[in-house]
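Subject: Structure for you to look at

Hi,

Here is the structure I promised you. Please open it and keep it on screen while you read my notes.

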Amino acid sequence: MNCKTVLIAAAMAVFAGCTETAGTRVVIDTATGESSVMECSTRLRNRVRVAKCTYSDVDGIAKATVTLESLTHKRLELQARMVWLDEDGAEIDADGKSFRAIVLDGRDFVTFSGLAPNPRGRTAKVQVRETENAQ
Amino acid sequence: MKACYIGLAALAAMSMAGCSTVTARETQLDRKAMTAALEPQDVRRTVEKMVDSMLQDEEFIKEVGGSRPVLDISGIQNRSTMHLDMASITDSIRTKLLRSRKFRFMDRATSGEDAQFMNDQAMNGLTDPSKAIAAGQQSAAQMYLYGALTEMRQQVDGVTDRYYKFTLNLKDLRTGELVWSDEQEIRKEQTKSTMGF
């Protein structure tokens, strides 16, 4: 075993704890109906797909629903939360929206919906991450 | 070979750098489960679910007719074995419902202070009588929230399984009918390994 191999192995052992925390992000504008999927995590991109995004209005409060599809045959333990932005793009009560646990069986679908905290909520931002990456 | 030893020593120093130091940092509000007990993220999820459920119940919205009904909170009974500040949970629910601008709330907990203020304004001789707030004008709660937290637990072969259920009801004070109800179930397990440190 040469010196280079030893150093690489040792470096891998040191940095093994560094996990990628970028999950999948979805943005839904309930005013224009536009939605965009920003898949930031290379690991999650191969496991979960955003199949559908819909939105509606409940008594003046915007509601958004995202359908997540598993691309693997294994059970996935995920967390997702939906934060809301107002017309100016400012987050409304960001800490008020919690991550919810989602257990997604192999090749299954799950819908995740959220309601804006108040009538000012216009754009929903969904964040999906693997539970093991939650600190 | 000397360079190899230096490189290994540098990596060892990096990996040991955190040893024997105490550090504090702010963490995310929602973490992954650490125990089978109720944790802050479970409470936050419960509050969010209850508030969202109430705000999107179309039948209930139809009944209140777009008005902002006045509510009060009777309290959530803690029938679990865990100590939890139930008033803190109802405070969070009330705060979120108020901020939705769909409901108004009475607060019976501060009624004594209200009476004290009104009494002082009427009696102390310092307040302009035309500006003093007279008693008997306060609004009244039309409905009130109440609920319970229950728990089931079992332990089998080093695995602790805990099931919690939050139930929240909204009762119309005039008719005595329950106009909305929902529950949140949480199941957690904790495994105690027989090996390891």
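A quick definition before we start: an axis here is a line fitted to C-alpha atoms, for helices over the stretch in contact, and angles run from 0 to 180 degrees between N-to-C directions. Also keep in mind that this is a predicted model. The predictor gives the complex an ipTM of 0.73 and a pTM of 0.80. Chain B has an average pLDDT of 89, and 91% of its residues score at least 70.

**Two helices in chain B**

Start with helix α2 (residues 40-55) of chain B. This helix packs against helix α4 (residues 86-99) of chain B. The angle between them is about 40 degrees, and their axes are 10 Å apart. The crossing of α2(B) past α4(B) is right-handed.

Which residues meet there? On the α2(B) side, find Val43(B), Val47(B), Met50(B), Val51(B) and Met54(B). On the α4(B) side, find Ile89(B), Ser92(B), Ile93(B), Lys96(B) and Leu97(B). By class, this contact has 8 nonpolar, 1 polar and 1 charged residues.

**The sheet in chain B**

Now look at the strands. Chain B has an open sheet of 5 strands, in the order β2-β1-β3-β4-β5. The pairing is mixed. β2 (104-105) and β5 (178-191) of chain B stand at the edges. Each has a single partner strand, so one side of each is left without a neighbour in the sheet.

Go along the sheet pair by pair:

- β1(B) and β2(B) run parallel and are joined by 2 bridges. Leu71(B) stands opposite Phe105(B) in β2(B).
- β1(B) and β3(B) also pair in the parallel sense, over 7 bridges. Here Gln77(B) is opposite Ala148(B) in β3(B).
- β3 (residues 143-156) and β4 (residues 159-172) of chain B pair in the antiparallel sense, over 14 bridges. Met152(B) faces Tyr163(B) in β4(B).

Where do the two helices lie on these strands? α2(B) lies across β4 and β5 of chain B, and runs at about 155 degrees to β5(B). α4(B) lies across β1 (70-78) and β2 of chain B, and runs at about 155 degrees to β1(B).

**A sheet in chain A**

Then turn to chain A. Here 3 strands form an open sheet in the order β3-β4-β8, with antiparallel pairing. Strand β4 (residues 61-70) of chain A pairs with β8(A) over 7 bridges, in the antiparallel sense. Glu69(A) has Phe109(A) in β8(A) as its bridge partner.

Best wishes

Note on methods
Residues are numbered from 1 along each chain as its sequence is written. Chains are lettered from A and ligands numbered from 1 in the order in which they are written. This is a predicted model: local features need pLDDT of at least 70, side-chain atom pairs count only at pLDDT 80 or more; totals for chains, interfaces and linings use all residues. Helices (H or I, at least four residues) and strands (E, at least two) are DSSP runs, numbered from the N terminus. A crossing is left-handed if the near helix is turned anticlockwise from the far one by less than a right angle, and right-handed if clockwise. Two residues are in contact if their C-beta atoms, placed from the backbone, lie within 7 Å. Ala, Val, Leu, Ile, Met, Phe, Trp, Tyr, Cys and Pro count as nonpolar, Asp, Glu, Lys and Arg as charged, and the others, Gly among them, as polar. Two strands pair if DSSP finds at least two bridges between them. pLDDT is the predictor's confidence in each residue, from 0 to 100.
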